[in-house]
Amino acid sequence: MSRKVRRLVVAAPILFVVLATLGAIASYYDNRGGPSAKALPSAPLRELGKAHDITVGTAVDDAALRNEPGYREDLAREFGGLTPENAMKWDALEPQRGSLHWAAADRAVDFAGKHDMTVRGHTLVWHAQLPAWIADGKLGAADLRQVMRDHIATVMGRYKGRVRTWDVVNEVVADDGGLRKSVWSDTLGPVFVAEAFAAARRSDPKARLAINEIGAESLGPKSDTLYRIAKELKARGLLDEVGFQSHFTLDGVPATMRKNLERFAALGLDVAITEADVRVRDPGTPEQLAVQGEVYADLVNTCRAVARCHALTVWGFTDRHSWIPESSPGYGSATLLDRELNPKPAYRDFAAALRRP
Ligand code: G3I
């Protein structure tokens, strides 16, 4: 065997190993969501949404915002709006009466200001995540009414001009269409809803005021009651927008969602999708994740189909930080990016639905 052939025989396997290794690193990097994977065929979601006058936003996890540079980078690149997931809830802001904790909420609002993102303030009056000194129901009506008014004035006052839309009241309608039982309805009666909005309008006349609801995306008793409340608030000049949370499963977008949103728009109100996620039973097979992508695309198409749908917020953008595993044991994979911040079919279908002419 000539020297040249011998050299080739020795070199070939080494060359093979080198090329195979380089290939593995490149695909790993791509799979890890390195720039090449992130440089998706489309523009960031926020740019695609802008083309349709839709602010594409996300709920923001405070710990991830503090500790994860990759999370911050994706957040700023992909989203034109943010909602503090928990930082503006009453239990986070005022765990003890009079003791106010602003750091986490300030972090989110500051980040939004730095990255030209609008902020959705979530949420001023809700039955959940209340501090014990309110939730225990020991405050009398006059005291609780004043506490509610003061809270609204204090929180909205701090972020005046920096929070575009406030979820003034969250989830007030029960699934059967009645008023949800809460310390607010028990102590103040149904009038607390209008009182909260009146206080909000006084606190920041320039802010947009929204009522936000879970499970009212389709036509039915729950959205009928929400419609009646919205109509009354609108007539009093107290409401600008209705938020439909849109926490879905692979069953998909309700068939009557577009019709439902259109009737609220016909009242002269904006509508928004405020907390979209699509939970999948663990471990989330490729087939299920493909269907998930179709559901997200349907949701984008629903918002695009309703002229007054100007905002679509996902409830977290990575499976690494999603409330679903805790709230729905056995379910997960509910968001657009996987735990390593790589795009899932959901991201690609969401983007494609925005790109569609
Ligand atoms: O703050 C405490 C912390 O001190 C403690 O160490 C930790 C461990 O137990 O719990 C922390 O509180 C958690 C809180 O989120 C803040 O992280 C609660 O346990 C946890 O239950 C709570 O979950 C939030 C949930 O609302 C509560 O109902 C989710 O993160 C949040 O995504 C979810 O968001 C709501 C919207 O605001 C309204 N629409 C429905 C949506 C899901 O419920």
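Is C303 buried or exposed? C303 is buried, with a relative accessible area of 1%, where buried means under 20%, exposed over 50% and partly exposed in between, using a 1.4 Å probe and protein chains only.

Before I go on, a word on the source: this is a predicted model, so local features need pLDDT of at least 70 and side-chain atom pairs count only at pLDDT 80 or more, while totals for chains, interfaces and linings use all residues. Residues are numbered from 1 along each chain as its sequence is written, and side-chain values use heavy atoms, with hydrogens and water left out.

Back to our cysteine. C303 forms a disulfide with C309, the sulfur atoms lying 2.0 Å apart; the cut-off for a disulfide is a pair of cysteine sulfur atoms within 2.5 Å. C309 is buried as well, at 2% relative accessible area. The link between C303 and C309 is left-handed, with -100° about the S-S bond. A search of the whole structure turns up 1 disulfide.

Now, the core. The largest nonpolar core has 98 residues, and L45, I134, W166, W184, F197 and F350 touch the most other members. By nonpolar core I mean a set of buried Ala, Val, Leu, Ile, Met, Phe, Trp, Tyr and Cys residues joined through side-chain atoms within 4.5 Å.

Let's zoom in on I134. Leaving aside neighbours within four places in sequence, I134 is in contact (heavy atoms within 4.5 Å) with W90, L139, L144, V147, V183 and W184. As a general point, nonpolar side chains tend to be buried together in soluble globular proteins. Thanks, everyone!
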